[in-house]
Amino acid sequence: MENRVVIGGQWGDEGKGKIVDTLSRDVDWVLRFQGGANAGHTIHIGSEKHVLHLVPSGVLHEGVKCLLGGGMVIDPWSLRDEILALEQRGIKVRDRIFIAANAALLMPYHKRLDELKEEGRKRKSIGTTGRGIGPAYLDKIQRTGMRLGDLQLPAENLERKAIEMILSANELLSTHYDAEPLPSRVLAEELVVLAQFIAPMVVNPYEVLKGVRQGTETVLLEGAQGTLLDIDHGTYPYVTSSNSTIGGALTGSSLAPRSLGEINGIFKAYLTRVGNGPFPTELLGDQGEALREAGGEYGATTGRARRCGWFDMVAARYSADINGLTGAIITKMDVLDSMPSIQVATSYEVDGEPLPCYPVDGNILPRCRPVYREFKGWEKPTTECRRLTDLPANARKYLEFLEAELGTLIVGVSVGKDREQMIWTNTGVTT
Ligand code: GDP
Ligand code: IMO
Ligand code: MG
C-alpha cells in the first residue's frame, strides 16, 4: 500500500476526519502534521460520534499508531482531556499515541492572548477558534516557545522554565493589554503533573518513522484546516497560522517528499467557511440557510454556524495545483439531494473584467464576482449508493464536471456521515 496525504481543499471542515478514519484501516501510522485544537474532526461509526481535536483521526482503528507531528501546536491540557475521553469510551490509546518532541507547546497564556488580540482587532477580527493557535506559532517562529520535549525535563527544571515563560507572558498581558496576570505557580505546577501523563508518549519522530522511510511501514498524513486557510497560500490575513497545504506535510512530519505517495484533496460538494474573510460564492439568504440545515453546518470546535455557499471551482483548481493533488474526494454529496438546482462558480470577474486565475493578493478576492454554471439537481437520495452506477444521472453529471474542471481524478465520493457511506473508484467518475 502506498503512503497517502489527506489535505483539506477548501476552508476546512470538508469531512477530513471521516475520510482519514475510512482510509486508515490498514495503515501503520496516522500522522497529524500541523495545527492544534483549532481542528474539529468528526467521525460517525453507527450510532457513535467522536470529535477529535488533537489526536489523529486514525485512532479509532485498534492497530493504528498515531503520531502528533512536529508541525503541531499542542495544548497539553486539551490533549490529556481528549485521551481520557477516548479511554472512557473503552478505546485503548495510551500505548499507540506518540508525540513529536519538536512539536510546539501551547500554554494557557497563548489562549488568553488569542482572545485579547481578537478583541483588539474589533471589526477586523479573524474570527479565530480562540484556541491560542496564532500566539503559539508566533512563539515558535520567534524562537521563544517551549516544545513537547521540554515535558521530559526533571520536574524542578520544567517548573522553573514554565514559571519564567508565564511571567514573561504576564508582562505582555499587563503592559500591552492591561489584562490580569495568570497564576504562574499554579499553572507551572499543573504542567509538571501533566508532564507525568504526557512525557512517556513523547518521541523523536525521526526515530519512530524509520520504518516509513525504509518502506516497511505505511503512513497516512492527516492535514487539518484547509488550503484556503494556509498561512502562505490562503486568504491572508483571514487564515490560520500554519501550512495546511502539502509543504506542511513535509516540514510537519520529518518525512521526505519521496515518502509521500497519493495526495488526496477533500472537497465538499458545496462550500463552507467559519470565521471572517472573503467568500465569493457565499449564499446569504434562504439558500445558505437551507445548505446549513441540510449539511448540519455548525462548527465541531466552537459550535459556530458555518457560512455556506456554492462550490467554487476557481479556488478548487488553485487548491489542486498548489498541492499537486493525485486525487480528489468529494464529500457531502447527499446534502445536495433535495436541491432543485446547483451552481458552481467557474470563473471570477473583477470590475466586469475576467480574472485569469485565483488571486493571492488579499485585496482582490473581496472584489471578485463569481460567474456561475447551473446544474439540474437530482432530487433523489444518494445515501444508500455504494457504486457510481447507483448514483442518479444528474449527480454523475455534476461529479463528471467537477472532475474535468479540477484536472484530477475523483477517487471517492462520500454520501453520508457514516464510515460506510462511501463510493470508491480508482479510475475516476467519468465513463
Ligand atoms: P473536518 O474538520 O474536515 O474533519 O470536518 P468536520 O468533522 O469538522 O465537519 C464535517 C461534518 O460533516 C461532520 O459533522 C461529519 O460527520 C459530516 N460529514 C462528513 N462527510 C459527510 C457526508 O458525506 N455527508 C454528510 N451528510 N455529512 C458528512
Ligand atoms: P478543521 O481541521 C474550519 C479558521 C477559524 C478562523 C481561522 C483562524 O476542523 O477543518 P485559528 O483558531 O486557527 O487561529 O483561526 O481559521 N479555522 C478553521 N475553520 N475548520 C478548521 O479546522 C479550522 N481551524 C481554524 O474559524 O477563521
Ligand atoms: Mg472540522
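Me: Is cysteine 357 buried or exposed?

Reply: This is a predicted model, in which local features need pLDDT of at least 70, side-chain atom pairs count only at pLDDT 80 or more, and totals for chains, interfaces and linings use all residues. Residues are numbered from 1 along each chain as its sequence is written, chains are lettered from A and ligands numbered from 1 in the order in which they are written, and side-chain values use heavy atoms, with hydrogens and water left out. Buried means under 20% relative accessible area, exposed over 50% and partly exposed in between, using a 1.4 Å probe and protein chains only. Because its relative accessible area is 51%, cysteine 357 counts as exposed.

Me: How many disulfides does the count come to?

Reply: A disulfide is taken to be a pair of cysteine sulfur atoms within 2.5 Å. For cysteine 357, the nearest cysteine sulfur belongs to cysteine 368 and is 10 Å away, so by that cut-off cysteine 357 is in no disulfide. By this rule, the number of disulfides is 0.

Me: Which residues supply the protein donors of the magnesium ion (ligand 3)?

Reply: Donors are N, O and S atoms within 2.8 Å of the metal (3.2 Å for Na, K and Ca), and sites may look incomplete, since water is not among the atoms. The protein donors here lie 2.0 to 2.2 Å from the magnesium ion (ligand 3), and they are Asp13 (OD) and Gly40 (O).

Me: Where in the chain do aspartate 13 and glycine 40 lie?

Reply: Helices (H or I, at least four residues) and strands (E, at least two) are DSSP runs, numbered from the N terminus. The pair links distant parts of the chain, 27 residues apart. Aspartate 13 is in the loop between strand E1 (4-8) and H1, while glycine 40 is in the loop between strand E2 (29-32) and E3.

Me: How many residues of H1 are buried?

Reply: Helix H1 is mostly covered, and among its buried residues are Lys16, Ile19 and Leu23. The number buried is 8 of its 8 residues.

Me: Is arginine 306 buried or exposed?

Reply: Arginine 306 lies in the loop between H10 and strand E13 (307-309). Its C-alpha is 35 Å from that of serine 259, and the two residues are 47 apart in sequence. Because its relative accessibility is 7%, arginine 306 counts as buried.
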